[in-house]
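User: I have a structure here that I would like to go through with you. Could you start with the overall picture?

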Amino acid sequence: MEQKSRIKGNVHYVGVNDRNKHRFEALWPLPHGVSYNSYLIDDEMVALIDTVDICYFEIFLDKIKRVIGERPINYLIINHMEPDHSGSLRLIKQQYPDIVIVGNKHTQGMVEGFYGIVGEYYQVNEGDYLLLGKHKLKFYMTPMVHWPETMMTFDETEGMLFSGDGFGAFGALHGGFLDTQINTDLYWREMERYYSNIVGKYGGPVQKALQKLKGLPISVICSTHGPVWMDNIAHVVDIYDRMSRYDADEGVVVVYGSMYGNTERMAEVVAEELSAQGIRNVVMHNVAKSDGSYIIADIFRYRGLIIGSPTYNNRLFPEVEYVLDMILGRDMKRRYLGYFGSFTWAGTAVRHLADFAEKSRFEIVGEPVEMKQAMKELVYTQCENLGRAMAERLKKDRA
Ligand code: FEO
C-alpha cells in the first residue's frame, strides 16, 4: 500500500501540526497554526532530519514508526537548533540511544547546552557529504537563516533541499503536505508574515544562502514550516529573494496611535489624499488594535511608510515605539518615510519621530506635520500635502 507520508522515493514527511499555540516564539499570532516539519530518509542507513516541538513527540514517534517500524534511526541531522525543531531531541536520543547526531561546529555546543547531550557526534563542514546508501547528502552552511548554526542539507539523489526555516511559512497543514495536492492560497501571506516576523532581520545572510544554492538542481524544497514545495519552487524562492532585498510593491502603510481620535483624524486625511492621488494600496494600522506581526509584514510589503503618534509621557505612544523598534531591529531598507505627531501641552512626538527617521536612514518624504490638540484647517492642508508628497514619490518609480 502506498504510504501517505511519502514525498519522493523513500523520503517521508513525519512532521506535525500545532493548532493550539496562540503565539509563535510567544510573540507572533498563529490564527492558522503552524507546522513543525521533520523528514525521514528510509535508506540502508536511516536518517531523520530535524525533530519537532516537544509537545508533539508522541505523534512524531508514531509517524516515524509507521515508516520504519522497529528499525533504528542511524543519523539525526540537525539543520537548526531552535527548540521548535530540536525540542524532541532528548526524547529521540532516549528512544534511539545509538543515533549519531549530525551538525556543524556551532550545533554541538547547543545540543549540550539545551539538552545536556554529549556522545557520538558527526561534525560536518561546508560541502561535506553523508552517504546513506542510495542517498547522497551534501551540507551547505547557511548561518543566520535563522541562527548561527543553521545549515541546509541537499539530497543529491532526489534533488531535495532540506532548508530549515528557509522558505518556511506560518500555517498548519490541512491533511496534505505537498503543494501539488493542497490549496496553497493560505500560505503566501503567511509566508510573508513568517519571513518578516522571524527571518526579517537577516536579509544579508538570506541573500548569501540564495547565492550558494543558485544552480542546484532542486526539485523539492522541504522547509521546517509550511508545505513541501514542488510546483511552486520558483515562486517561493522569489518571495524570499525579494523580501531579503527589502524589495517592495507600490503602496503605503499608515501606522498611527491615537487616544481620543485626534491623531487618527490626521491619519485619515493623509490616507484619503494618498487614495485621491491614485495610490491603490493604502493600509492603515491603528497600533492599539493591529498586532505588530501584521504591521511589520505590511511594512515589508509596501515601499511607503507614514507614521503618526501623539505625545505620551513626553515620549511616543508606547505601541508606536514598539513598531519603530521592530523596524530598526530588522534593519529595514529602501523605504520612503513621512511622519506626523500631536500634543496637548508639550510637543515631543514629532521630535522623537525625527530621531527615528534619522536612525532608519529611510528617504524622508514631505514635511512632518505637528498638531496641537485637534484638527484645524492648516493642519488639514499639511496632512494633505504629506499624503500628496508620498504619492508623488511613489509615482516617480513607475516605469
Ligand atoms: Fe522554526 Fe528558527 O525555528
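This is a predicted model: local features need pLDDT of at least 70, side-chain atom pairs count only at pLDDT 80 or more; totals for chains, interfaces and linings use all residues.

User: What box do the C-alpha atoms fill?

Analyst: Taken along the principal axes, the box is roughly 80 × 45 × 35 Å.

User: And how many of the 399 residues are buried, as a percentage?

Analyst: Buried residues account for 56% of the 399. The protein exposes about 17,000 Å², and 50% of that area is supplied by carbon and sulfur atoms.

User: Changing topic to helix packing. At what angle do helix 8 and helix 12 cross?

Analyst: The axes of helix 8 (residues 262-276) and helix 12 (residues 377-396) cross at roughly 45 degrees and come within 8 Å. Because of that angle, helix 8 is oblique to helix 12.

User: Is that crossing left-handed or right-handed?

Analyst: The crossing of these two helices is right-handed.

User: Which residues meet there?

Analyst: Helix 8 contributes Arg 265, Met 266, Val 269, Val 270, Glu 272, Glu 273 and Leu 274. From helix 12 come Val 379, Tyr 380, Cys 383, Glu 384, Leu 386, Gly 387, Arg 388, Met 390 and Ala 391.

User: How do the residues of that contact divide into nonpolar, polar and charged?

Analyst: The contact of helix 8 with helix 12 has ten nonpolar residues, one polar residue and five charged residues.

Notes. Residues are numbered from 1 along each chain as its sequence is written. Side-chain values use heavy atoms; hydrogens and water are left out. Axes are lines fitted to C-alpha atoms, for helices over the stretch in contact, and angles run from 0 to 180 degrees between N-to-C directions. Helices (H or I, at least four residues) and strands (E, at least two) are DSSP runs, numbered from the N terminus. Angles under 35 degrees count as roughly parallel, over 145 as roughly antiparallel, 65 to 115 as roughly perpendicular and the rest as oblique. A crossing is left-handed if the near helix is turned anticlockwise from the far one by less than a right angle, and right-handed if clockwise. Contact means heavy atoms within 4.5 Å. Ala, Val, Leu, Ile, Met, Phe, Trp, Tyr, Cys and Pro count as nonpolar, Asp, Glu, Lys and Arg as charged, and the others, Gly among them, as polar. Buried means under 20% relative accessible area, exposed over 50%, partly exposed in between (1.4 Å probe, protein chains only). Accessible areas come from the Shrake-Rupley method with a 1.4 Å probe; for residues, only the protein chains shown count as cover.
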